[in-house]
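Please look over the sequence and the model below before reading on.

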Amino acid sequence: MMYSTSPTSNSSAVSNSSALSGQLPQQIFTRREVIPLQNDVLWRIDRGAVRTLTWSEDGTFITLGYWGLGDLIGYPLSRVKPYQIECLTGVEVSIVPPHLWHQNINALLSHIQQAEDLLSIVHRKPISLRLWQFLVWLSEKFGRDVDKGKLIDLNVTHQDIAEVLNTTRVTVTRLLQQLEEEGTVLRHKRRIILPLANIKNYSSAVC
């Protein structure tokens with residue numbers, strides 16, 4: 001199987017946020033804590049990772065996005081109800097009031113681009129392709145280089161992944177085991193490593 005996805009760059013958003021670093025009030029949240037919603041406030045992530053989500057009438061979670069360093073999040077960026085921001089790690093955020101939103105245009109554009117990237121991945125078929133491209137997307141956004149490849153430095157559960165990809169936890173577990181048996185992905189404790197050679201080979205195959 002030869003799979004690929006486009007890398008998600010957040011460098012412009014990070015550089016834009018660093019220019020304002022230290023000038024805005026900050027708050028700290030713990031893992032799995034929910035960041036409160038305010039109609040006139042955006043939150044800029046200075047440390048950690050969050051996911052935005054909603055849920056259907058039967059209680060099924062629908063993940064809207066995964067966000068990290070430099071990203072802007074908040075209810076003003078969404079018209080979805082219900083809407084929730086859940087911390088995937090310990091998180092430090094800055095409060096960005098409306099009169100400063102224009103100074104964060106790069107982060108706002110990045111938010112739109114990342115949402116579209118994830119939306120395109122969620123509609124890929126088959127599920128195995130969808131899973132692979134999501135892992136590559138995570139590695140580009142939250143990955144760090146290690147000896148064996150790129151480690152996804154984020155503790156996402158099989159259920160978390162299933163909620164993003166609109167499938168079941170059992171299916172995600174089965175496909176991850178298959179990828180691991182093939183050597184397409186590696187494990188380091190509870191983290192996933194994507195060997196760089198695999199990413200490059202899959203990218204070349206579809207170019």
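Which residues of H4 are buried? They are Asp-160, Ile-161, Ala-162, Glu-163, Val-164 and Leu-165, where buried means under 20% relative accessible area, exposed means over 50% and partly exposed lies in between, with a 1.4 Å probe and protein chains only.

## Basis of the report

This is a predicted model, in which local features need pLDDT of at least 70 and side-chain atom pairs count only at pLDDT 80 or more, whereas totals for chains, interfaces and linings use all residues. Residues are numbered from 1 along each chain as its sequence is written, and side-chain values use heavy atoms, with hydrogens and water left out.

## The chain as a whole

The secondary structure comes to 6 helices and 12 strands; helices (H or I, at least four residues) and strands (E, at least two) are DSSP runs, numbered from the N terminus. The chain has 207 residues, of which 47% count as buried. Its accessible surface comes to about 10500 Å², with 52% belonging to carbon and sulfur atoms; such areas come from the Shrake-Rupley method with a 1.4 Å probe, and for residues only the protein chains shown count as cover.

Among the contacts in the chain with a separation of 6 or more, 71% are between residues 24 or more positions apart, a contact being heavy atoms within 4.5 Å.

Just after H4, Asn-166 takes a positive phi of about 60°.

The axes of H4 (residues 158–165) and H5 (residues 169–182) come within 8 Å and cross at roughly 110°; axes are lines fitted to C-alpha atoms, for helices over the stretch in contact, and angles run from 0 to 180 degrees between N-to-C directions. That makes H4 roughly perpendicular to H5, since angles of 65 to 115 degrees count as roughly perpendicular, those under 35 as roughly parallel, those over 145 as roughly antiparallel and the rest as oblique. On the H4 side, His-158, Gln-159, Ile-161 and Ala-162 meet Arg-169, Val-172, Thr-173 and Leu-176 of H5. The residues of this contact divide into 4 nonpolar, 3 polar and 1 charged, where Ala, Val, Leu, Ile, Met, Phe, Trp, Tyr, Cys and Pro count as nonpolar, Asp, Glu, Lys and Arg as charged, and the others, Gly among them, as polar.

## Two buried threonines

Thr-171 is found in helix H5 and, at 17% relative accessibility, counts as buried. Its side chain is joined to that of Thr-168 by a polar contact of 2.8 Å; a polar contact is a pair of N or O atoms within 3.5 Å, and within protein one must be able to donate a hydrogen and the other to accept it, while residues adjacent in sequence count only if both atoms are side-chain atoms.

Thr-54 has its place in strand E4 and is buried, with a relative accessible area of 6%. A polar atom of the Thr-54 side chain lies 2.5 Å from the backbone oxygen of Pro-82. Not counting residues up to four places away in sequence, Thr-54 touches Thr-60, Phe-61, Ile-62, Leu-64, Val-80, Lys-81 and Pro-82.

## Cis peptide bonds and positive phi values

Most residues other than glycine have a negative phi, and most peptide bonds are trans. Pro-82, found in the loop between strand E6 (72–73) and E7, is joined to Lys-81 by a cis peptide bond with omega about -5°. The peptide bond from Lys-125 to Pro-126 is also cis, with omega near 0°, and Pro-126 is found in the loop between H2 and H3.

Arg-32, in the loop between strand E1 (26–29) and E2, has a positive phi near 75° and is partly exposed at 29% relative accessible area. Lys-189 has a positive phi of about 60° although it is not a glycine; this residue lies in the loop between strand E11 (186–188) and strand E12 (191–194) and counts as exposed at 74% relative accessibility.
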